[in-house]
Amino acid sequence: MRRIGAELALCLHDARLRWIGAVLVLLLGVAGLGAWRDAVRYGHQVDAVTAAERARWLGQDAKNPHSADHFGLWVFKPSSPLAVLDPGSEPYTGRMVRVEAHVFNDAVYRAVQDAGPLARAGLGSVADIVGLVVPLAAILLGFSAFAADRERGTLRLALGNGIAPGPLFAGRFSALLLALVLVVGLPLLGIGALAALSRDAAGWQAWPRLLAWIAVQLAYAAVFLLVAMLVSLVARTARHALAAALAIWVGLCIAAPRLAPAAVEISVPAVSHREVRARIDAKLRPHRTAEANDSRTREVLARYGVSEADALPVDLRGLMMVENDEHHFDLYDREFGALFDGLAARERAFAWAGLLSPRVALQALSQTLAGTDFAQHAHFVWTAEAYRRAISERMNAEIRDRPQRGGATLVAGPELWREIPPFAHAPLPLSRGLADAVVPALVLALWLAGLAGLCVPLVRRLKP
Amino acid sequence: MGASVLPADEPVLAIGGAVKRFGARTALSGLDLRLDAGEVFALLGPNGAGKTTTINLILGFLRADSGTIRVCGIDAGADPVGARRHVAYIPEQVALYPGLSGVENLRYFATLAGLELSKDEARALLTEAGLAPEAYGRKAGAYSKGMRQKVGIAVALARRAQLLLLDEPTSGLDPSAAADFSATIRAAAGRGTAVLMATHDLYRVREMAGRVGVLSGGRIVEEIDPRTLDHVALERLYIDRLAERAA
Amino acid sequence: MSAARFPLLLAAELRLILRERLTWAILAALVAALCLAAWTGAGRVAAARTALAAAAADGERAVREAKAAHLRYGRPAAIKVNYWQDPTDAFGYMTYFMAAYAVKPPTPLAVLAAGQSDVQPAVTKVGFGFSTVFDDTATEIGSAAALRLGPFDLAFVLVVLVPLAIIALAGTRLSSEHDSGILRMIAAQPARPRRVAGAKFGAAALVALTATLGGTMLALLLSGGLGDLADWSGAAALLAAALAAYVVFWVAACALAASLWRGAVTALAGLVLAWACLTIALPTALGLAVDALAPVPSRIAAIDASRQAQARFYAGEEAPRVTAAWLATKRPEDARRPELADAPELKRLARDDYYDEALADHHRAAGAQALAASAWSRRLALLSPATALTLALETASGTDAGRHAAFLTDAAAYRRSLRAFFEPRILAQAVDPAPVCAGCPARLDFDAYDAVPAFAPADARAAAARQALLTLVCLGAAAFLLAALAVRRLKQWPA
């Protein structure tokens, strides 16, 4: 411990740490506060429009329940409070769904559509900065750990005077990691705490998520600290160590992450959204024709053993709408189920693609812990669809169970509208996130263990 | 190829009253030196005496604050490239491209000097410089210091330079390589090349140089004919001169 | 002794650079990356073509099936055909059967850059439902993780990786010779530093240019993703020149770094940091600037406005009143017929106009923002060589934001033209229904399926050539500036 304290004191006196810390705090602060401000503003808009939509639903005139079903409403995806730190999948997935009769509408208006064309690849979010700049900071802190001493000759002096390389390495690594905790962990904790305290975090388990998330970011930083120290163990001079570590940074943080999508696309084929939509349309078309409708009508009358609609104990239109929707639900479950399963399989494959680069593993792990992963989006989409179905089922049942004779139309009023509860979306619990996080956490741990394992023989045979 | 013919009275190197200061420190304080074709002159002096500054001035890497440096009649300060046409330089550590062979390195440096050497010509020059034939095709990264120096000499030979500048040529050479090198330099002088060498090596100086100048405090404090002294006497004289200067 | 002749020097430097194993490793990696990127690009273009073909086939299918229905329903039958089941009715066909698509076909150079194509679908089915809140409602959900990491396309390799390859190739020329002491040997030869540096960086530039342009060409040919370049040769040539200027820019940056004489590793570290600034940090800053200059209007406000309009329309007697008022502007002579104000198709047409009017300001703001964002991006992109080249590549690929904004505007105009095509027919049918055969189940008032206007995609060629030229000029000027600075500093050898 005393050794770590001494190394940390050395580190804290280094102007480099102050500079790196200042730049990181500035970058993280600007990105984090900007995201927090946008999230708060957006949250207020969503709350206002959700309340307005509820009022519009309840305030509808008396009308046929099916018209109310068509009137529908919009529901909005609640954003995880930690999206301020890691927006994850959220910018790339729709944020709102039009809930209406018959149609499984897509979640639309992805934030990425509104982002300018220059904003796509860069340092837009706190997670991007952690993914790209924190490794650079770890490298800049760690590259000189042994190479500079070797260059000055002090390493020869230290080893020649009986200082054991193992504890020396462990002390330096621990001190630098503590320094990183200081310049990375604390700002992240500050921004995360602000987000968790100021935004509606009900159901998100924000604090355990935040602590786990920060631990993962620090583990990622430790990977690159190990890279820098590994290079430092073998490089002749500090400058060589820096050049080599920078080359590794470019490879692992810039080039390899782009290879991951190509690798995943090859290894996990998935149907496209367009194909699924086309298939659903193709299957619905024959179902919608007048002839099909006629044959279904006759089948219903035969089932009840009557020859005309007015003789039925239920309303024919209502019953047919119920059965029609059930047919649609089955089709949607099958087709969209396959689409979402395929997309989820691809997301899972990205965790394994983390073997290409720790940045890819971090992305998978980080968004899962932040509650901004694709599983949360899919959960929202299906919750919205379930809500839509619940509305349709209630409206259809109302029509079915109140048969109108002689071509009259049922008119319902506010008491029926009130039976529909407001849309409530409970996010997937952290326990589910932790289960999904096993593979990317394992991959990140493999990176750490692999690098640490490489360090061991080099430390043992440390050359002055 | 081929060197220009000098007028009879024009020395290969003429330094007159050269002064060079680096901030408050004076590196050369009025250096005078004249070197004719076929002469071998050794500049003896401790570290910081101004040996390397002298070589840098001749090569035109530095400009003198006052005084003249003329190489074959060309002012090295005003026309460094013109002066360098007549100079070949062999630094203390001859650095070559490690991935190229001796032949390839020689051809490369010859090209920089505006010459086109065929492989056979390059091999002949390396032979003339004393490099063993089995080393021609080997990567220069595996060469010893002596072998690299021989490639440096081959570059000088290729260029038919009239002035050869040697910076600590024998430091780090084993005795046999150093003797080898002395012979090569004497041969070059025999062909009419003027040689200026900056060195600490009193033993080799006696073997190679026709004239020795003791450089101290930025100028030549004594010029000696080494053939008149054995190397013990030469060493005593050198130490005495430096001690006088220091006092 | 003659002064070193430059072509000889250049040839010697070329031999030197080509003798290095590192050179071949870099070139092999670069060509492999280019081939992989071209392959992914070809896959993307093939998918886009498939989507286009599927859209065209769907359009034909809709017409074919409607014609078949026309024949089928032209005979007496016992079934009842509602208007939403009737493709022989102008309103039924327009609303429920027509498969009209606005398409943004890939350009012959589309293989170069994914651009906005992975988030902005190039095929939009023109419909008349809730999708009219915004013009860009079409969405194709894909792998969010892949979108987040970005595609491995040629634009990425050319803009991001090629500079790194150049830095690895040329970033330590002269400075490594300085470190190893070879520079003293070189400096002792009668050759001026500018000539030697010119030959060294000239050779590096030749190698980098050959590898980048040749490798790209080879990758494009192997991938089979290139379209017919007959009319695009000018744009392609300008783009190749812009790419060459980008390569020269980075070689000049290497020369400038060498001319500082701070050693190979410092030069390398400085170049990598400069690269990170120009390709990552500066584009991010420019993106933020675009956001500030062209702020995005609230989607939620527009949705709220659309819902307010919907709620108003369906409240009380508003729907028949709006329909009658609408009819009065279209057919004053029939406006007083009470049954028409309740006709579902007229109510729907009147309602859509009512919604359009309620959302007009939001529409205009969204369209203006998209155009302003693309215009600002175009201007600001020129401030970084990386964004300038990216934009040129995306424009040539037809995947740039500007083309998409224009496409959305064109798609909205197409939707209006379809509406203008059907509206008089629907009105005529409502006012004066066409006589049908006795016992025929359908309305049979529409059979002009082949006369329905088709979407005419805009030509992207002129924009591509213009952007490539602009990029060429900017990158050429930047490369010249860096080279001039390097030449100025390389007046003499370091002491």
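Q: What is a salt bridge, and how many does this predicted model place between chain A and chain C?
A: A salt bridge is a side-chain nitrogen of Lys or Arg within 4 Å of a carboxyl oxygen of Asp or Glu. In this predicted model, the count between chain A and chain C is 6 salt bridges. One of the pairs joining these chains is Asp86(A) with Arg148(C), whose N and O atoms lie 2.8 Å apart.

Q: Which helix of chain A gives the largest share of the side that touches chain C?
A: That share, 16 residues, comes from helix α10 of chain A, which spans residues 238-267. By class, the side of chain A that touches chain C holds 40 nonpolar, 17 polar and 22 charged residues.

Q: How many residues of each chain are in contact between chain A and chain C, and what area is buried there?
A: Contact joins 79 residues of chain A to 82 residues of chain C, and the two chains bury about 6700 Å² between them, with 63% of it on carbon and sulfur atoms. On the chain A side, Tyr109(A), Leu118(A) and Arg258(A) lose the most area to chain C, together 12% of what that side buries.

Q: How many salt bridges does the rule find between chain C and chain B, and which elements of chain C give two or more residues to that side?
A: The rule finds 2 salt bridges across this interface, and Glu116(B) forms a salt bridge with Arg5(C), the closest N and O atoms being 3.5 Å apart. The elements of chain C that give two or more residues to the side touching chain B are α1 (6-19), α6 (175-180), α7 (182-187) and α8 (193-223), and α1(C) provides the largest share, 6 residues.

Conventions. Residues are numbered from 1 along each chain as its sequence is written. Chains are lettered from A and ligands numbered from 1 in the order in which they are written. This is a predicted model: local features need pLDDT of at least 70, side-chain atom pairs count only at pLDDT 80 or more; totals for chains, interfaces and linings use all residues. Side-chain values use heavy atoms; hydrogens and water are left out. Helices (H or I, at least four residues) and strands (E, at least two) are DSSP runs, numbered from the N terminus. Contact means heavy atoms within 4.5 Å. Buried area is the accessible area (1.4 Å probe) that two parts lose on being put together, summed over both. Ala, Val, Leu, Ile, Met, Phe, Trp, Tyr, Cys and Pro count as nonpolar, Asp, Glu, Lys and Arg as charged, and the others, Gly among them, as polar.
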